Amino acid sequence: MDKPFDCIVIGAGPAGLTAAIYLARFHLSILVVDAGQSRAAMIPRTHNHAGYPGGIPGTELLRLMREQAGEFGVSVTSGLVERLEKHDDLFTVHGSGQTWTSRSVLLATGVVNNRPPIAPEIHDAALARGLLRYCPICDGFEVTDRNVGVIGTDTHGFNEAVFLRMYTPEVTLIAPQGDHTLSDDERARLNDLEVRVVNGPCHPLRVEDDCIFVPTPEGELAFDSVYPALGSVIRSELAITLGAEGSEDGCLLVDDHQRTSILGLYAAGDVAKGLDQISHAMGEAGVAATTIRNDLARSRPLVRERATPAAEKRAVVY
């Protein structure tokens, strides 16, 4: 298209689709580009999302959100965005052999969890059955009083083990490689909480019946569920390469209105610094979309044109 879009949304997870709904209802011209890797699609069933008694699978939630966005003319273009450029007040978006221009860009690209050593097909089956879990905030309730393993070390692994201790007395923290890198204070705290600490290595994981097994130098340990606390890769490189400011872990830094440090570039959801939750991502998307609308209106009045010239309208007399 010769005419730039008002906004290009990169990513069609909960944040991207929420923003698309808002932007379309503002009568803005938008494009949504998605690489088909939303982390929400991996959720077997979310119970934290209000309005769905009994929970809802992540794939179904995304399907419904796409359907709702479609009611307002939004379609999702499949493709991987590889590069962003900015010249004056316009962004150029490159990906999958195509190029688009836009007055603004919203990044809703999310993050990718670092996986433990396990075959991809076994990983996906274990995830679907709740044997592997990645978010204790999302599903810690489901492991209440169960036997839980946490693969991780240093402060990240420590925090996850302590967090899970509120759900179950049976928590084991296992180092992914060799000895744990825990401080003396962290070890003392884990001891006080009766969290078992086991050195690694711990690969490969295997699944049998209703258990997931973790090999360690102390022997093979069986768990009802295992939480990998191995960090994640934040999909922020498009913005960072453009010069946007990020945190030490790679999350994009945004202001209270989801603006990045680059004028016209916004971020919402897990790619931005904050709580990695669906509800939080959707809230940020609503803020971002409204901010985009207001910022665009400052440079160009957003007014609805008449459908037919006023001179052609005729009064109806009864």
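Where is the place of Pro201? I found Pro201 in the loop between strand S11 (196-198) and strand S12 (206-208); strands here are DSSP runs of E, at least two residues, and helices runs of H or I, at least four, numbered from the N terminus.

This is a predicted model: local features need pLDDT of at least 70, side-chain atom pairs count only at pLDDT 80 or more, and totals for chains, interfaces and linings use all residues. Residues are numbered from 1 along each chain as its sequence is written, and side-chain values use heavy atoms, without hydrogens and water.

Cis bonds. I looked up omega for Gly200 and Pro201: it is about 5°, a cis peptide bond. The bond from His203 to Pro204 is also cis, with omega near 0°. Pro204 sits in the loop between S11 and S12.

Positive phi. His27 has phi near 60° and lies in the loop between H1 and S2. His27 counts as exposed because its relative accessibility is 57% (exposed is over 50%, buried under 20%, partly exposed in between; 1.4 Å probe, protein chains only). Asp88 has phi near 55°. Its loop runs between strand S4 (81-87) and strand S5 (90-95). Asp88 is exposed at 71%.

Helix pair. I checked H1 against H2: the angle is about 20° and the axes are 9 Å apart (axes are lines fitted to C-alpha atoms over the stretch in contact; angles run from 0 to 180 degrees between N-to-C directions). That makes H1 roughly parallel to H2 (under 35 degrees; over 145 is roughly antiparallel, 65 to 115 roughly perpendicular, the rest oblique).
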